[in-house]
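Biologist: Hello! I am new to this structure. Could you pick one part, look at it closely, and show me how it sits in the whole?

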Amino acid sequence: MQHLDDLIREAHRRIDTSTTLVALNDVRVHYLGRKGVLTEQLKSLGALPAAERAGAGQYINDAKRLVNEALDRRKQVLEQTELDAKLTAQALDITLPGRGHEPGGLHPVTRLLARVQALFERMGFRMETGPEIEDEFHNFDALNFKLDHPARAAMDTFYLRDWPLLLRTHTSPVQIRAMLAYGAPIRVIAPGRTFRHDSDVTHTPMFHQVEGLLVDEGVSMAHLRGTLSLFLQHFFERDDLQLRFRPSYFPFVEPGAEVDIRCIFCDGGGCRICKQGGWLEVLGCGLVHPNVLRACKINPERYTGWAFGLGVERLGMLRYGISDMRMNFENDIRFLQQFR
Amino acid sequence: MKISENWLREFINPAADAHALAERLTLAGIEVTSVTDALPPLDRVMVGEVKSVLPHPDADKLNICQVEAGSGRLLQIVCGAPNVHAGIKAPVILPGGRLPDGSEIRKAKLRGMESEGMLCSAHELALTDDHLGLMVLPADTPVGKTLTAVLGGADKIMEIEVTPNRGDCLSVLGIARELGALYDQDLKIPDAKPIAAVIKDMLPVKVEAPEGCRAFAGRIIRDLNSRATTPLWLCERLRRSGVRPIHPVVDITQYVMLELGQPMHAYDCTHIEGGIVVRWARTGERIKLLEGSEPELDKNVLVIADHRRVLGLAGIMGGSGSAVQDGTVDIYLECAWFSPTAISGRSRRLGLQTEAGYRFERGVDLQGQLRAMERATRLLMEITGGKPGPVTVMEEPRRQPSPVRLRRARLEKLLGIAVPGNDVVRILSRLGMPPQAAADGWDVVPPGYRFDIEVEEDLVEEVGRIHGYNLIPSLQYPGSASMALLPEKRLDMRRLQETLVQRGYQEVITYSFVDPELQRRLTGQQGIALANPIAADLAEMRLSLWVGLVQTLRYNRNRQQARVRIFETGLRFILEHNDIKQENVIAGLITGPQYPLQWGLPDRPADFADLKGDVEALLALSGNLERLEVLPAPHPALHPSQSAQLWLEGTDLGWLGVLHPQIAKILDIPSAVVFELKLEPLLMGRLPHSREVSRFPPIRRDLAVVVDETVTAAQLLQAARASGGAVVQDLRIFDIYRGPGIDSRRKSVALGLILQDSSRTLTNEAADAVMAQVAERLRCELGATIRD
């Protein structure tokens, strides 16, 4: 059997030195194929004496099994190697930028409006919109602006040439429309475009406001203060934000106030943005004037309410640092893409 | 309005500095926007007297002056001012001193001549922007004193913005009254005791328009010293208030207005014929005004006239014909009360914004005329001298304003805080409206200078603002009992916006008013015009958002942006059935490469189909895509054969197409594709309704047909779908071929069908039958030949 041992040894050597699956298969055919060396050995068993036949058969079969196992092991190794090589060859430059569209973006005013709206919707306010071409009744008369009063002149109104109509100077007419449509109690916010005949670094002839209105029984200045504090703290994400109310005048509210916040840039220490004053003006507000409630068929003895109006571009200045209001409407794409 | 602190302190002198006063006023609703020094630092600036002036030997425009400035020794100063001459007094800055701009003045040689300091102009001292040479000081100014001292010393100027309802605060007196309430102090009001007449001369006064002029006081003063000049202290007070001195008489009337809030006017008496008439102007009447213009008047303008002609616009501006001027010795002083409704808007309409008009529009004290008249007369006596006549007073019977009730309970209910009763009484009394106790609160009669106290809420504000708004607590109003409707069918507009953003669009916001010319080019129509546009190219309301988008494209192309993808939502303004329709739309524009430059996609220009894909994506959101109809139609802005009108179940939804090449050429912009759709139908979606998904395997079959170029994709798809029946789950065009092998007037279209039955597995035979049916229909109906 010396011959067989050599044969097996030789087989192992050839298996281990095979480097491809094809070569390995040749080895398999050579030893285990139909005319393979070991197959032939088995065939030659018949020539042996009967007594030796069983032992030799066992011996050859063991050898066959061992060679087979060695072939399988080697096959696995070679397959793995081949797969590795294939996968390696499939390497991508994963640093190449992805394919397709790059997203555009929303206008900063839209972003701000969405934020204001979301905060007020959480407080149960419904959103209302109104026309931009308005009439004197909704823009002035119902809001207690007297004819020829300087407050009316101060609005710098755009008028239409061929119609007795105007471009709304504030979002306040939506208050009137909402109260006439739904009556009291009511809580609404009304975002939108507004127009005044004015143009410089801090004024554009078109800008955006958000109007807020709450009318119900027993509503006081304290509730106005409460809601505005909450809103402004959330808007600026500062729960220590300080507010101050300054008496002011808007014909449709009484008492009226302007609201300042502690300067968010210098915390009141004084800086360029707050003009060293330590406070930033953010909005105007007050209790709805009884004449306005009456114009909207609401009994001012039973119901009281508050209203506010805030300038969206002003918030853009405070929140995003857009100091030149005109940038908002020049629509330079490079500028707008900062606000995605 | 500028108010001098020193002047204010003559009326009330609280123990607080100017900044503290400003803060208190601001928090009471009288907004002080700045507090600044009235004088710049005038370091080593003295009053000097020019003793002699000799020409500089080596310079034509320079003089050598000998100046006495209090040192006991004459200073030699080289001066280039044209108005220098011996005997005048002017500020001198001594060597070592600094001008307000920081430059130091040293002893120096000017063209070889020693100069020990500098004679100064008001401009150099940053007092005014006068460039009229040296600041000549009155002859009685004491030489050797500091200029600061002779100008009345250091002072602060408060810049105050008064809201339109508070005309009563447009004076030193008015601001002092506010401080009186805030600091709980009495005021010291200047002496206004009547000055006895020394002559008997009077002018007859006739008020023909009592509704516009409720009170009129007039007085003749004769024999003024026509050589009198306005004293330095008064000039300086005017300067600190932002008023330029003109003539002693005018300066005094201005002074009284600044101090007491009562505008006055002085006429040269010799130019008044007969007497004074206060009346409405006659249509077509003209008057030459002090500032030079000569407006045509109408019967809405209140005027002061004599028996022959109009002398001036009541409460706004006097006429030049009767103006006080150099040499005037006899004057007529007018001090009247014109009603805000008679004045309001007139200055604006006539383009004349004056201090007087500003005050009358907002309301002047009904009881302040005599006080102002006496105050002015007293100052005139001191400054110009003269012989006053008796005061003529024409007055409408005063209607006692009806009291306003302030209920204790209402006060607390509105402010959300209880204010003690004696504080209420104190506050209202200090504001000049002492309340009378009533059963449930107080009755308050507004004083003659308050025109903003009409209803209870006005008093609530008065009490609240003086008591302090910032004492009001923060409370949350309880949650709403009702909940706003949230119709699920209705899409949130944000989803449309986000969809476009994801497809590479940048949102823009353009003006609602646009260039009429560009608008006409893009819409073929005229928009609704503004009466008073801010610019000629912002004069019409937009008929389409395309106007703004095209403008934005131009703006960005001029800034080298080749790829522009923008959209906007907003109202457009259309005339419909003689009414203005304000319609919400969404519009977009794309130009340049479809994709940002990248390695994995071909660099190709965005086209019609790209934009249509975006529009289809918008319609898909509301489930309306299947109902969309796209029909060719002409539009003035669009390429005649690349333009489509979109329809949704019989309503026209909008337009989509390539910008007309001619328009692009004229506007010098690249080719662009645009759309505009009505928002309302886009937002009306449907409530999803679940259907079972077929569990049986689908079969994909393709069909290539050759048809005439005139056969549209919509025709092919519709015919294929109709003939295929319910088993056609999906149907798409996946290739279009023109070229070799195909007749030049025909095209090959490849259709891909997904066939699937919902109740059983579809056999190959059944699928073949469906495909045969489809092919037959396309052949018969659309003249298609089937390619193998």
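Modeller: Gladly! Domain bounds here come from an automatic or database domain assignment. This is a predicted model, in which local features need pLDDT of at least 70 and side-chain atom pairs count only at pLDDT 80 or more, while totals for chains, interfaces and linings use all residues. Residues are numbered from 1 along each chain as its sequence is written, and chains are lettered from A and ligands numbered from 1 in the order in which they are written.

Let us begin with chain A. Its assignment gives domain 1 (2-89) and domain 2 (108-339), and the centres of these two domains, taken over C-alpha atoms, are 91 Å apart. The C-alpha trace of chain A spans about 135 × 50 × 45 Å along its principal axes. Chain A holds 13 helices and nine strands; helices (H or I, at least four residues) and strands (E, at least two) are DSSP runs, numbered from the N terminus.

Chain B has 21 helices and 36 strands. Its radius of gyration is 41 Å, well over the 28 Å that the globule rule gives for 788 residues, so chain B is more spread out than a compact globule. Its C-alpha atoms fill a box of roughly 125 × 85 × 55 Å along the principal axes. Among its assigned domains are domain 2 (45-150), domain 3 (205-395) and domain 4 (404-471). The centres of domain 2 and domain 4 of chain B lie 58 Å apart, taken over C-alpha atoms.

Where do the chains touch? Here 75 residues of chain B are in contact with 70 residues of chain A, contact meaning that two C-beta atoms, placed from the backbone, lie within 7 Å. Helix H13 (residues 456-467) of chain B gives the most to chain B's side, with six residues.

Now for the close look: the largest nonpolar core. A nonpolar core is a set of buried Ala, Val, Leu, Ile, Met, Phe, Trp, Tyr and Cys residues joined through C-beta atoms within 7 Å. A residue is buried if 20 or more other C-beta atoms lie within 10 Å of its own, exposed if 12 or fewer, and partly exposed in between, with C-beta atoms placed from the backbone. This core has 255 residues, and A:Val215, A:Cys285, B:Leu119, B:Val303 and B:Ile331 have the most contacts inside it. Helix H6 (residues 248-260) of chain B gives the most to this core, with eight residues.

H6(B) is mostly covered, as 13 of its 13 residues are buried. The helix reaches 18 Å from its first C-alpha to its last, close to the 18 Å expected at 1.5 Å a residue; the expected span is 1.5 Å times one less than the number of residues. Just after H6(B), B:Gly261 takes a positive phi of about 85°.

For a contrast, turn to A:Leu66 in helix H4 (residues 50-89) of chain A. With 13 C-beta neighbours inside 10 Å, A:Leu66 counts as partly exposed.

Technical notes:
The radius of gyration is taken over C-alpha atoms; the globule rule is 2.2 Å times the number of residues to the power 0.38.
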